[in-house]
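Visitor: I would like to learn how to read a model like this one. Where do we start?

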Amino acid sequence: MKKDGFFITFEGADGSGKTTQIKMLEEYLVTQKKDFIITRDPGGTKLGSKLREILLTYDGKIAPFCELFLYLADRAQHVDEVIMPALNNGKMVLCDRYIDSTLAYQGYARGLNIDEIINLNNLVTHSLIPDLTLLFDIETGIAMKRIGDKKDRLESEAAHFHEKVRFGYLDLAKKDPQRIKVIDASMSIDDVYNQVIEIIKQFV
Ligand SMILES: Nc1ncnc2c1ncn2[C@@H]1O[C@H](COP(=O)(O)OP(=O)(O)OP(=O)(O)O)[C@@H](O)[C@H]1O
Ligand SMILES: [Mg+2]
């Protein structure tokens with residue numbers, strides 16, 4: 001798909017530091033006078049924020065395919081309404097989570113078929129794949145400690161679920177090292193940021 005902008009996604013476990021680092025990168029990009037937007041998946045649109053609320057707070061059991069399609073519904077809206085228009089306007093798009101989250105959580109951790117998820121994702125995103133993905137890798141225990149007691153529906157999953165998510169992410173990075181760059185997210189906020197900037201400077 002033709003586009004002029006540059007699409008960067010931030011991936012990794014809950015508490016790995018994605019949002020913290022996006023905010024720091026935002027300051028850098030402002031000083032560089034880059035034209036960019038920051039958005040998040042799920043919840044990057046008005047409709048999507050309603051879907052996000054269901055996904056993070058619904059207190060009943062959500063069937064795995066229902067969960068998958070809620071994420072994909074959110075993404076379909078998000079790509080059409082926000083991400084593609086920005087990229088077509090030559091902007092840089094920084095997105096907090098995207099397809100690799102779906103693969104890691106609904107695929108590797110929940111056990112849905114990876115190839116089926118990829119096909120469905122390509123359908124709803126018109127095959128829009130990030131130009132660059134930063135994967136914040138961290139030991140599950142350290143990430144959980146950072147989050148503390150304020151856990152949402154997915155963060156409340158058992159430890160072995162989060163181990164599968166971590167393994168899934170690293171496996172995805174191994175399969176696509178060109179796009180997915182692994183960052184050691186266990187370091188201090190500044191040391192993690194230095195890794196981020198080093199990679200960003202190579203691409204931007
Ligand atoms: N490198 C770091 N060292 C120590 N604490 C950190 C580090 N990075 C972030 N934190 C803290 O850990 C908590 C989680 O960070 P943050 O919200 O950025 O993670 P996240 O990846 O966006 O999580 P989520 O997926 O739940 O949104 C915050 O309180 C943040 O201040
Ligand atoms: Mg966050």
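Guide: Start with charge pairs. This is a predicted model, and a search of the whole structure finds 8 salt bridges.

Visitor: How far apart are the closest N and O atoms of Asp 35 and Lys 91?

Guide: A salt bridge here needs a side-chain nitrogen of Lys or Arg within 4 Å of a carboxyl oxygen of Asp or Glu. Asp 35 and Lys 91 qualify at 3.9 Å. Asp 35 sits in the loop between α1 and β2 (36–40), and Lys 91 in the loop between α3 (64–88) and β3 (92–96), so the bridge ties together parts 56 residues apart in sequence.

Visitor: Are these two residues buried, partly exposed or exposed?

Guide: Buried means under 20% relative accessible area, and exposed means over 50%. Asp 35 has 45% relative accessibility, so it counts as partly exposed. Lys 91 has 24% and is also partly exposed.

Visitor: Which residue does Arg 110 pair with?

Guide: Arg 110 forms a salt bridge with Glu 67, with the closest N and O atoms 2.9 Å apart. Look at where the partners sit. Arg 110 is in the loop between α4 (99–109) and α5 (114–125), while Glu 67 is in helix α3. They are 43 residues apart, and the pair links distant parts of the chain.

Visitor: How does accessibility read for Arg 110 and for Glu 67?

Guide: Apply the cut-offs to each partner. Arg 110 is partly exposed, at 25% relative accessibility. Glu 67 is buried, with a relative accessible area of 1%.

Visitor: What do the side chains of Arg 179 and Asp 100 form?

Guide: They meet in a salt bridge, 2.8 Å from N to O. Arg 179 lies in the loop between α7 (159–175) and β5 (180–184), and Asp 100 in helix α4, so this pair ties together parts 79 residues apart in sequence. Arg 179 counts as buried at 11% relative accessibility. Asp 100 is buried too, at 1%.

Visitor: Which residues are linked with Arg 179 in a network of salt bridges?

Guide: Asp 100 and Asp 176 are linked with Arg 179 in that network.

Visitor: Now the nonpolar side. How many residues does the largest nonpolar core have?

Guide: The general idea comes before the count. In soluble globular proteins, nonpolar side chains tend to be buried together. Here the largest nonpolar core has 36 residues. Those with the most contacts inside this core are Phe 7, Ile 83, Leu 87, Val 93, Tyr 98, Leu 128 and Val 165.

Visitor: Which elements give two or more residues to this core?

Guide: They are α2 (46–57), α3, β3, α4, α5 and α7. Helix α3 gives the most, with 10 residues.

Visitor: Last, the ligand. Which residues come nearest to ligand 1?

Guide: Read the shell before the single contacts. There are 15 residues around ligand 1, and Lys 18, Thr 19, Thr 20, Glu 155 and Met 187 come nearest. By class, the shell has 4 nonpolar, 6 polar and 5 charged residues. The largest share, 3 residues, comes from α1.

Visitor: Which polar atoms lie by the oxygen and nitrogen atoms of ligand 1?

Guide: A polar backbone atom of Gly 17 is 2.9 Å from a ligand oxygen. A polar side-chain atom of Lys 18 is 2.7 Å from an oxygen atom of ligand 1. On the nitrogen side, a polar backbone atom of Met 187 lies 2.8 Å from a ligand nitrogen.

Visitor: How much of the accessible area of ligand 1 does the protein cover?

Guide: On its own, ligand 1 has 630 Å² of accessible area, and the protein covers 67% of that. The elements giving two or more residues to the shell are α1 (18–31) and α8 (189–203).

How values were computed: Residues numbered from 1 in each chain as written. Chains lettered and ligands numbered in written order. Predicted model: local features only at pLDDT ≥ 70, side-chain atom pairs only at ≥ 80, totals over all residues. Heavy atoms only, no water. Near = heavy atom within 4 Å. Polar contact = N/O pair within 3.5 Å; in protein donor to acceptor, adjacent residues only side chain to side chain. Areas by Shrake-Rupley, 256 points an atom, 1.4 Å probe, with all protein chains shown as cover. Helix = DSSP H or I, 4+ residues; strand = E, 2+ residues; numbered from the N terminus. Nonpolar A, V, L, I, M, F, W, Y, C, P; charged D, E, K, R; others polar. Buried < 20%, exposed > 50% of the residue type's maximum accessible area, 1.4 Å probe, protein only. Core = buried A, V, L, I, M, F, W, Y, C linked by side-chain atoms within 4.5 Å.
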